[in-house]
Amino acid sequence: MADVKISQLPPVTGALSSTEVVAAVQSGTTVKATVASFGFQPAGTGAVATTIQAKLRETVSVKDFGAVGNGTTNDTSAIQAAVDACFTSGQTVYVDAGTYAVTSIKVYPNTILEFDANATFKQTANGFAIRTSTSPSVTVPTTSVTYAKIFNARIDMNSCTGAGIFLEGAQSCVVDNAIITNVGSGTFTYNDGVTNNANYRTSAIMIKGITGVAGPYYNQINHCRANGGSSTNTNSGIWLGTTIGSTDNQRANLNNINQCVFTNFGQGISMWVGSDNRFTQPEVSNCGTGIVVGNSTLYTLASNGNS
């Protein structure tokens, strides 16, 4: 195809792979380049050039892995694949707008899970819509789960028992601006490897230790809202504790819950076991019991909270 202008070449028939070669003019010289080497120049003084591929890969979309988000297709496997792909890379997993039917999604140390303002997880089975875990190969943590971050989560628990967000063995993790609705009512059984079939109270958010494995310490729960449906329900807005039926080691200690709202629960705040947990400006309204203190000590309720 000698002496043919680029403009005269036939168009591509599909998306180019990153290894395919194209012609380009660089500094007045015609050169060949792979699609992966196309450049991206961020705006602003001092911004560092990179490639388009590297820029796009800073964030992983759940739709990159086949999630549909139509509210009926089971998107659990696709979303989990996206999270697992970022297990060691530190990339942010982005949940695009849509309603995603899920059973349970695991997040790991250093996972960053960020929701679009119009994205929702719709829980389709009893258990935990989002839970912490050590690695893709296990479910119940075998060591502490550190520095996971969940931003702007919208969770419809769909009247399931369990928890919308389950921070088990979590340390220095962050949940920011979560909204959890349609929280189920009742207790549920759970086996954390220490106590089989222990009964726990259904909650929007649970912060739980595992006796002999890891305690939940230094977690930040900020600006979250949850609705439990009715003040007569057997549920909690937030529950803090450890393995039920154990010696109460690895309690929930030194966690900060900041400006959170818990409405229409049997119990707004359930501090089962732990110490030095701080609630800053909590709002607990229309709950059967506002705050329940079990074997917890040295907790702080900061100013301007309503109960």
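How much accessible surface does the protein chain have, and what share of it belongs to carbon and sulfur atoms? The surface comes to about 14100 Å², and carbon and sulfur atoms account for 49% of it. Keep in mind that this is a predicted model.

Some totals for the chain. There are 307 residues, and 45% of them count as buried. The secondary structure consists of two helices and 33 strands. On contacts, take the pairs that are at least 6 apart in sequence: 60% of those join residues at least 24 apart.

Now one of the sheets. It is an open sheet of eight strands, and the order is β6-β8-β11-β15-β19-β24-β28-β31, with parallel pairing. At the edges stand β6, residues 70-74, and β31, residues 283-285; each has a single partner strand, so one side of each has no neighbour in the sheet. From one strand to the next, the twist averages 15°.

Within that sheet, look at β8 and β11. They run parallel, and five bridges join them, with β11 covering residues 119-123.

Next, β7 and its pairings. Strand β5, residues 59-61, pairs with β7 in the parallel sense, over three bridges. There, valine 60 is opposite valine 93 of β7. Strand β10, residues 112-115, also pairs with β7 in the parallel sense, over four bridges. Valine 95 has phenylalanine 115 in β10 as a bridge partner.

As a general point on strands, side chains in a regular strand alternate between the two faces of the sheet.

That leaves the loop between β7 and β8. β7 spans 92-95, β8 spans 98-102, and alanine 97 lies in the loop between them. Is alanine 97 buried, partly exposed or exposed? The relative accessible area of alanine 97 is 38%. Buried would need under 20% and exposed over 50%, so alanine 97 is partly exposed.

Which residues does alanine 97 touch, leaving aside those up to four places away in sequence? The contacts are Lys63, Asp116, Asn118 and Ala119. Of these, Ala119 belongs to the stretch 119-123, which is β11.

Last, a distance. Alanine 97 and asparagine 70 are separated by 27 residues in sequence, and their C-alpha atoms are 9.8 Å apart in space. Residue 70 falls in the range of β6, 70-74, one of the edge strands.

How values were computed: Residues numbered from 1 in each chain as written. Predicted model: local features only at pLDDT ≥ 70, side-chain atom pairs only at ≥ 80, totals over all residues. Heavy atoms only, no water. Buried < 20%, exposed > 50% of the residue type's maximum accessible area, 1.4 Å probe, protein only. Contact = heavy atoms within 4.5 Å. Areas by Shrake-Rupley, 256 points an atom, 1.4 Å probe, with all protein chains shown as cover. Pairing = 2+ DSSP bridges. Axes fitted to C-alpha atoms, helices over the stretch in contact; angles between N-to-C directions.
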